[in-house]
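Hi there,

Here is the structure I promised to pass on.

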Amino acid sequence: MNQKNYARIVLVATLLFIYLIVLPIIFRNQRYLLNIVITASLLSCASLGVWITFSIGRINIGQGAFAGIGGYTTAILIMKAGFSFWQSFLLAGLLAALIGFLFGLVILRLKGVYFAMLTLSLTETFRLIFLNAEGLTNGGNGIMGIPRPGALSIAGITIIPNFGRSNIFFYYLSATILIIVFLAVWRLYKSRIGWIFKAIRISEDLTRSCGINIVKYRIMAYSICCFLGGIAGSLFTVFYQNIFPASFQVNDSVYFMLYCFLGGLDYLAGPILGAFVLTGAFEVLRFIQKYQEGIYACIMIALMLWLPNGLMSLNLGKVFGKRKEKELETTEADKLLKSYNPDSGRKSLKKEG
Amino acid sequence: MAILEVENLTKRFGGLTAVNNLTFHVDKGEILAVIGPNGAGKSTLFNLITSYNRPTSGKIIFEGEDITGMPTHKIAKLGIIRTFQETTVFKEMDVFHNVQVANHLHFKSNDLEEFFNSPRAKADHLEVERRTRELLNYFGIEQYKDEIASNLPHGHLRALEMAIAMSADPKLALLDEPFTGMNAEETDRAMEMVRGIRDQKGVTVILVEHDMRAVMRISDRIVVMNFGEKIAEGKPAEIQQNEAVIEAYLGKEEEGELEDVL
């Protein structure tokens with residue numbers, strides 16, 4: 001085993017130790033601080049989804065819509081149909097993935113800013129749907145008093161007992177789900193499916209000519225993204241025990257994207273790092289919270305200018321990151337921003353014929 | 001025996017007719033060149049055959065099967081692979097991964113098996129790695145296998161492009177300007193490569209090319225297009241003598257030369 005691998009294992013073990021043991025012990029009596037870490041974990045889940053759509057070369061500003069879908073599905077199933085949290089959690093993810101699949105069939109034909117604008121409007125569209133479908137969603141009053149997860153038993157065997165309102169339990173629930181999601185996405189990226197996603201980002205035309213059904217893989221990526229948005233929204237809803245049309249807005253969609261940019265689009269750990277750093281930073285600097293949006297905007301601009309490959313491209317990247325980054329001339333962010341008119345290069349340089 | 005038949009193919013973009021009532025065929029094992037001045041519709045023809053565009057009318061028949069308008073990836077699966085005008089490789093991937101991705105059709109396991117790394121998926125990976133090494137070896141770029149593709153020198157880039165195209169074991173390869181931007185020596189090597197895939201791998205080749213010297217040397221037969229129509233078809237020697245071709249094609253080149261002088 002070489003040194004780099006060793007360093008990486010030590011780093012991952014340390015982070016896991018801090019995340020799973022140190023933080024819960026330090027924060028066990030500080031409900032507020034514990035909640036912040038839970039929030040960051042759930043934001044990371046949704047952002048990992050956005051990261052997947054980045055990996056097929058699409059800027060996705062629509063994750064808020066799917067978090068909303070997941071959240072409302074959970075709330076409605078629990079409060080009106082008497083489902084348990086565990087059932088509705090799964091159904092929330094699946095319904096979000098299904099809706100993502102149906103939208104994906106249409107909107108994934110677009111690239112660059114066109115795709116980005118459409119996903120952006122999806123968030124707003126779903127906010128208005130939640131606001132106006134009063135029969136199901138109670139409109140602007142939202143759904144409140146949603147109970148925390150109860151016991152989970154399969155075939156009569158209790159797997160997870162009822163923890164009531166214990167926040168430590170919720171902490172471990174969110175941590176477990178984040179770790180499972182991270183491992184699943186990691187496996188996806190190590191597999192052939194990950195290569196195909198990357199190939200699609202580099203050149204859809206060439207990928208097609210290799211006999212790869214790009215429509216299928218694009219939709220797969222987007223549906224997984226929406227699934228992750230859905231389960232994150234579901235957890236948020238039972239965590240805060242309420243949901244309103246304003247729970248997930250355009251802002252939130254933009255933040256999910258910003259976490260990816262901040263952490264680094266080239267790195268799987270990027271969105272998680274981004275979510276934790278930004279969420280943590282704003283809790284530490286609470287006095288500036290009213291300027292949050294302005295500061296986010298400045299961070300975004302600064303990133304594009306000085307750190308287009310995100311925080312992970314700093315020293316940390318050497319341990320965690322990918323191979324051969326020095327040889328790449330353009331960054332992921334560069335390419336995505338330039339991709340708004342993907343055909344211009346080819347068609348203007350060489351006339352047909 | 002014809003492997004590909006194009007019948008009365010027409011493509012209109014709005015008011016512009018890019019390909020007009022084109023009919024030709026390619027025999028198995030042939031190297032057919034499609035030539036013509038800029039804007040003659042050659043690239044559109046490739047786009048139509050591989051279904052990047054749908055024809056306005058007409059038929060494309062591959063091995064007796066009508067493939068008109070079939071999705072591109074299915075056409076690739078049937079055995080038609082194309083290259084593109086600008087050098088097309090997966091630029092930010094290393095050479096080995098480039099060819100592995102292109103070997104997609106040789107993976108028998110489905111996506112779930114792949115995700116869970118089932119025994120079948122593992123076997124697929126071993127087989128594709130073997131194929132990849134073989135292809136890199138055949139095209140003489142195995143020493144660059146860990147190199148990022150965009151760092152390869154031009155000649156090797158073309159070799160990688162061919163390795164990608166050959167990954168699917170095509171029956172018919174459509175090569176879009178395979179000799180463009182090459183010096184005489186590189187062109188010779190690229191021509192060897194094209195002959196090689198025909199002679200050793202049994203691939204039928206259609207190529208679009210502007211380098212007349214190369215076209216005359218490599219092709220068995222030539223189809224000449226102008227303004228979307230076929231104006232001549234025949235062996236290289238016949239084409240060189242054909243008056244319509246000289247007028248439409250070489251005449252135009254003289255004009256170009258004149259412009260260069262002025």
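Where the two chains touch, 40 residues come from chain B and 27 residues from chain A; two residues are in contact if their C-beta atoms, placed from the backbone, lie within 7 Å. On the chain B side, the elements that give two or more residues are helix 1 (42–49), helix 2 (72–78), strand 6 (80–82), helix 3 (95–102) and helix 4 (111–115). Helices (H or I, at least four residues) and strands (E, at least two) are DSSP runs, numbered from the N terminus. The chain B side divides into 16 nonpolar, 16 polar and eight charged residues, where Ala, Val, Leu, Ile, Met, Phe, Trp, Tyr, Cys and Pro count as nonpolar, Asp, Glu, Lys and Arg as charged, and the others, Gly among them, as polar.

Before you read on, please keep in mind that this is a predicted model: local features need pLDDT of at least 70, side-chain atom pairs count only at pLDDT 80 or more, and totals for chains, interfaces and linings use all residues. Residues are numbered from 1 along each chain as its sequence is written, while chains are lettered from A and ligands numbered from 1 in the order in which they are written.

Now to the nonpolar core, meaning a set of buried Ala, Val, Leu, Ile, Met, Phe, Trp, Tyr and Cys residues joined through C-beta atoms within 7 Å. A residue is buried if 20 or more other C-beta atoms lie within 10 Å of its own. The largest such core has 164 residues, and A:Cys45, A:Leu228, B:Leu160 and B:Ala163 have the most contacts inside it. Helix 10 of chain A gives the most to this core, with 14 residues. Domain 1 (2–88 + 168–261) and domain 2 (90–151) of chain B both give residues to this core, so it lies between them; the bounds come from an automatic or database domain assignment.

Helix 10 of chain A deserves a look of its own. Because 21 of its 27 residues are buried, helix 10 of chain A is largely enclosed by the rest of the structure. Just after helix 10 of chain A, A:Gln241 takes a positive phi of about 60°. Leaving aside neighbours within four places in sequence, A:Leu228 is in contact with A:Cys45, A:Ala46, A:Leu48, A:Gly49 and A:Val181.

Finally, in chain B, four strands form an open antiparallel sheet in the order 2-1-4-5; two strands pair if DSSP finds at least two bridges between them.

Happy browsing!

Notes. Buried ≥ 20, exposed ≤ 12 C-beta atoms within 10 Å, placed from the backbone.
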